Amino acid sequence: MIKPATKTRIDLGFKLTGKEQTERLGNSGPFGTMCTHRVQISDLKEIDSELLNWITEAYEKAKINCLCLDKINILITNTN
């Protein structure tokens, strides 16, 4: 999730359940339970390989969750 936070900063929210917080990968803050972590970006230099890895990890976890939900929906549909 991308959220404009101030005139000079955007916040990126991630669902990375079980991942430890770090100084940079912090508490989800205003995202609440929708996300588990937040990264605050105020400079283009902060868009680096570490951030791209978190984006990829969150995407892969979300993709797996969607596949599981699709399978559940298929099972429910086939039993009705």
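This note sets out points on strand pairing, the nonpolar core, a surface patch and salt bridges.

1. Basis. The model is predicted; local features need pLDDT of at least 70, side-chain atom pairs count only at pLDDT 80 or more, and totals for chains, interfaces and linings use all residues. Residues are numbered from 1 along each chain as its sequence is written, and side-chain values use heavy atoms, with hydrogens and water left out.

2. Strand pairing. Strand S1 (residues 2-6) runs antiparallel to S2, with four bridges joining them; strands are DSSP runs of E with at least two residues, helices are runs of H or I with at least four, and both are numbered from the N terminus. Two strands count as paired if DSSP finds at least two bridges between them. S1 and S2 make a hairpin with two residues between them, and lysine 3 faces aspartate 11 in S2. S2 also pairs with S4, in the antiparallel sense, over five bridges; there glycine 13 has arginine 38 in S4 as its bridge partner.

3. Nonpolar core. The largest nonpolar core comprises nine residues: Leu12, Phe14, Leu16, Leu25, Val39, Ile41, Leu51, Trp54 and Ala58. Such a core is a set of buried Ala, Val, Leu, Ile, Met, Phe, Trp, Tyr and Cys residues joined through side-chain atoms within 4.5 Å. Buried means under 20% relative accessible area, exposed over 50%, and partly exposed in between (1.4 Å probe, protein chains only). Strand S2 (9-14), strand S4 (37-41) and helix H1 (49-79) each supply at least two residues of this core.

4. Surface patch. Leu44, Ile47, Leu52 and Ile55 make a nonpolar surface patch of about 390 Å². Patch residues have over 30% relative accessible area and no salt bridge; like charges are joined within 9 Å, nonpolar side chains (Val, Leu, Ile, Met, Phe, Trp, Tyr) within 5 Å. Areas come from the Shrake-Rupley method with a 1.4 Å probe, and for residues only the protein chains shown count as cover. Leucine 52 lies in helix H1 and is partly exposed at 45%.

5. Salt bridges. The count is six salt bridges, each a side-chain nitrogen of Lys or Arg within 4 Å of a carboxyl oxygen of Asp or Glu. Arginine 9 and aspartate 11 meet at 2.7 Å, N to O; aspartate 11 is buried at 1%. Arg9, Asp11 and Arg38 are linked in a network of salt bridges.

6. Arginine 24. Arginine 24 forms salt bridges with aspartate 48 (3.0 Å) and with glutamate 50 (2.7 Å, N to O). Because arginine 24 lies in the loop between S2 and S3 and glutamate 50 in helix H1, the latter pair ties together parts 26 residues apart in sequence.
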